[in-house]
Amino acid sequence: GRALWAGRARGAGPWALRFARPKMEPHEPPHHLHHPLPLHHPLPLHLQHHHQQPLPPQLQHPHSPAVTTTSSSFTVNFSSTSSHLAYDRDFLRTAPGVLMVLEIVLGLLVWTLIAGTEYFLYPVFGWVMFVAVFYWVLTVFFLIIFMTVTYTRIPQVPWTTVGLCFNGSAFILYLIAAIVESSAVTKSLHSHNHNSWAASSFFAYAVTFCYAGNTYFSFKSWRSRTLQ
C-alpha cells in the first residue's frame, strides 16, 4: 500500500510496484536449500530408508542359526569296540575260572543263610555279612571282566597285580570271617538260627579255600609277568 501510494505521489504508475519487490528468478530455489544438510543432522523419516546400509550376510537371518557337523572319534571308537566284543568260553574250563564260579556260588550261600536270620543282633555276623557280600560282588565283576576279555582293552591297568591283591585280601578276610563265625556258632547251640549259622560257617571255609587257590594262581601269573 505504501509503495502504491509512493508511486502515485511521484507520478509513477502501478508498474512501479515491480521495482519495490525483491527480484527473484522464477525457478530459483529458496536460499536455505542452497547448502546441503550437515552430516551430523539426522535425515528426515521419509528419506531414511534410502540411506540404510545392507546388513552383513550372517546377520540378515538372525533366526536361522548356522548348522555345523562334527564327527566324534569317541562314537567311532565305541562302535568299533562294541562290534568286536569277545566272549571267552574257555575261561570257565580253567582252574581260576572254576574257582571263581565256586566262589560266587558258595559265597552266595554264605550271606543268604545269614541274611535269613536275626544276624543284626550279633555284631560278629554283621562282619561276616559285610565280607561275604563285598567279595561276592567283586568276584562277579572280575568274572565278567575275564569272560569278556575286557582286560585286553585296558592295558594301562596292571591286571596281574590287581588280581593278586584281590584274591590275597579275600583269602585273609574270609579266613578271619570263617573263624569268627564258627566260634560264634559254638556259643549259640540253643538258638533257633544255629543250623543256618553253622551251614554258613561251613561254606565260609569252602570259599576261603577257593580264594586261597586263586591267590596261588594269581601269584604265579604275577611272578611270570615280573620276570618278563
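**Entry 1: H6 and H7.** I began with this pair, keeping in mind that the model is predicted. The axes of H6 and H7 lie 9 Å apart, and the two helices pack at an angle of about 150°. Angles over 145 degrees count as roughly antiparallel, so H6 is roughly antiparallel to H7. I also checked the handedness: H6 passes H7 in a left-handed crossing. Sorting the residues of this contact by class, I got 21 nonpolar, two polar and one charged.

**Entry 2: H7 and H8.** Next I followed H7 to its contact with H8. Here the axes come within 7 Å and cross at roughly 155°. H7 and H8 are therefore roughly antiparallel to each other. The crossing of H7 past H8 is left-handed.

**Entry 3: H5 and H8.** Then I turned to H5 as a partner of H8. Their axes are 8 Å apart, with a packing angle of about 155°, which makes H5 roughly antiparallel to H8. H5 passes H8 in a left-handed crossing. I listed who meets whom. On the H5 side the residues include Ala95, Pro96, Leu99, Met100, Glu103 and Leu106. On the H8 side, Ser196, Ala199, Phe203, Tyr211, Asn214 and Phe217 are among them. The residues of the contact between H5 and H8 divide into 18 nonpolar, five polar and one charged.

**Entry 4: the largest pocket.** How much space lies in the largest pocket? I noted about 410 Å³. The lining of this pocket is made up of 16 residues, and the closest to the pocket centre are Phe91, Pro96, Phe146, Ser218 and Ser221. Pro96 was already in my notes, as one of the H5 residues that meet H8.

Which helices each supply at least two residues of the lining? My list has H5 (95-115), H6 (123-147), H7 (159-186) and H8 (194-227). H7 gives the most to the lining, with six residues.

Last, I sorted the lining by class. There are 10 nonpolar and six polar residues, and no charged ones.

Technical notes: Residues are numbered from 1 along each chain as its sequence is written. This is a predicted model: local features need pLDDT of at least 70, side-chain atom pairs count only at pLDDT 80 or more; totals for chains, interfaces and linings use all residues. Side-chain values use heavy atoms; hydrogens and water are left out. On a 1 Å grid over the protein atoms alone, a cavity is a set of points where a 1.4 Å probe fits but cannot get out, and a pocket is an open set with protein on both sides within 12 Å along at least five of seven lines; lining residues have an atom within 4 Å of a point. Grid points are joined across faces, edges and corners, and a volume is the space filled by probe spheres set on the points. Helices (H or I, at least four residues) and strands (E, at least two) are DSSP runs, numbered from the N terminus. Ala, Val, Leu, Ile, Met, Phe, Trp, Tyr, Cys and Pro count as nonpolar, Asp, Glu, Lys and Arg as charged, and the others, Gly among them, as polar. Axes are lines fitted to C-alpha atoms, for helices over the stretch in contact, and angles run from 0 to 180 degrees between N-to-C directions. Angles under 35 degrees count as roughly parallel, over 145 as roughly antiparallel, 65 to 115 as roughly perpendicular and the rest as oblique. A crossing is left-handed if the near helix is turned anticlockwise from the far one by less than a right angle, and right-handed if clockwise. Contact means heavy atoms within 4.5 Å.
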